[in-house]
Amino acid sequence: MLEWSTPSISDGDWIRKIIAESGNMGSDVSFANMYLLREKYDIQICSYRGFLLRHYNGYYGRKGYTFPIGTGSQEKALQALKEDAEKRREPLCFCLLTEEQKQMLEEFFPDTFVFESNPGDSDYIYSQEELANLAGKAFHKKKNHFSKFVRTYPEYRFEQIGAANWQDAVLVEDMWYYEHLQEEDESQKKEYAAVKEALEHFEQLELSGGLLYVNDTPAAMTVASYINEDTCDIHFEKAVGECVTNGAYAAINRLFAQTLNCTWLNREEDIGIEGLRKAKMSYHPKMLVKKYNAHLK
């Protein structure tokens with residue numbers, strides 16, 4: 001019988017090891033996301049014969065099991081999930097499947113599932129080098145936005161988040177939240193709580209991040225974590241005040257990218273928001289990691 005539990009900070013070591021060895025680039029496999037979004041998506045985890053198993057009971061298509069990640073017999077792990085679904089008295093279904101995982105599921109359970117994909121679930125993957133340098137014609141507008149920020153605020157400074165300044169990042173999140181109260185919804189409340197928790201447990205969650213100051217006042221911040229040695233996942237990015245219209249997002253994006261030692265940056269999904277999709281596309285992703293849901297026929 002599978003033993004499920006809610007992700008805790010103490011699960012970080014064994015989960016990060018499995019994920020790093022898997023080569024998976026998806027934002028959903030970031031341990032920080034599993035922990036910080038555990039309540040939003042009602043995430044449960046299980047260690048089974050060298051595999052990480054997950055079960056979601058949230059919204060935005062996050063319902064069901066995810067594909068087993070680890071080493072050993074995937075067939076036995078999938079069979080264990082099938083038996084677990086029977087004990088739960090719920091249909092066997094999967095979410096957040098990559099293209100490769102979708103194909104493997106079809107091989108293990110032929111002619112069993114209907115697969116659906118929501119474009120809003122796809123992760124946007126960028127070149128770290130391109131976002132750090134903004135070189136070439138494709139990034140001309142972004143470089144202009146960055147230059148505008150530098151011209152407008154010549155006394156700006158950038159710092160990496162650490163023990164001495166993490167509360168300044170909390171201040172940015174607080175200001176951003178109150179600036180957007182008129183747009184408040186339940187999802188926004190949960191994100192606000194997740195950002196605050198991330199900053200309060202910054203070192204324990206092995207996060208990294210950056211702070212942008214204007215006139216010694218925190219104006220923007222970003223929080224991220226490494227999925228594996230090649231991929232860093234950008235969890236949150238916020239800018240506030242008049243700096244937003246003067247290139248603050250372009251500045252925090254570029255300055256933080258310059259501090260990272262990796263090949264790829266995962267800037268996560270657009271969750272179907274047209275403005276967010278347009279913003280993500282404007283940075284010219286190198287690839288989109290498509291995700292599928294699987295339901296019984």
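**A colleague's note on rings and cores**

1. Let's start with a charge above a ring: Arg88 lies over the face of Trp4, and the distance to the ring centre is 5.2 Å. Please keep in mind that this is a predicted model. There is another arrangement of this kind to look at, where the charged end of Lys102 sits over the ring of Tyr292, 5.4 Å from its centre.

2. Trp4 also has an aromatic partner. The structure holds 11 aromatic pairs, and one of them joins Trp4 to Tyr65. The centres of these two rings are 6.0 Å apart and the planes make an angle of 40°, a tilted pair. Trp4 belongs to the segment before α1, while Tyr65 is in strand β3 (residues 63-65), so the pair ties together parts that are 61 residues apart in sequence. Are these two residues buried or exposed? Both Trp4 and Tyr65 are buried.

3. Next, have a look at Phe94 and Phe113. Their ring centres are 5.7 Å apart with the planes at 85°, so this pair is edge-to-face; the angle is over the 60 degrees needed for that label. Phe94 sits in strand β5 and Phe113 in strand β6 (residues 113-117), so parts 19 residues apart in sequence are tied together by the pair. Phe94 counts as buried because its relative accessibility is 1%. Phe113 is buried too, with a relative accessible area of 5%.

4. Now to the nonpolar interior. In soluble globular proteins, nonpolar side chains tend to be buried together. Here the largest nonpolar core has 36 residues, and the members touching the most others are Ile19, Leu36, Leu199 and Val223. Two or more residues each come from α1 (12-22), α2 (31-36), β2 (51-57), β5 (94-97), α7 (166-179), α8 (186-200), β9 (208-214) and β10 (217-228). Which element gives the largest share of this core? That is α2, with 5 residues.

5. Val223 deserves a click in your viewer. Leaving aside neighbours within four places in sequence, Val223 is in contact with Ile161, Leu199, Phe202, Leu207, Ser208, Gly209, Asp233, Ile234, His235 and Phe236.

Key
Residues are numbered from 1 along each chain as its sequence is written. This is a predicted model: local features need pLDDT of at least 70, side-chain atom pairs count only at pLDDT 80 or more; totals for chains, interfaces and linings use all residues. Side-chain values use heavy atoms; hydrogens and water are left out. A nonpolar core is a set of buried Ala, Val, Leu, Ile, Met, Phe, Trp, Tyr and Cys residues joined through side-chain atoms within 4.5 Å. Buried means under 20% relative accessible area, exposed over 50%, partly exposed in between (1.4 Å probe, protein chains only). Helices (H or I, at least four residues) and strands (E, at least two) are DSSP runs, numbered from the N terminus. Contact means heavy atoms within 4.5 Å. Rings of Phe, Tyr and Trp (its six-membered ring) pair if their centres lie within 6.5 Å; planes under 30 degrees apart count as stacked, over 60 as edge-to-face and the rest as tilted. A charge sits over a ring if NZ of Lys or CZ of Arg is within 6 Å of the ring centre and within 35 degrees of the ring normal.
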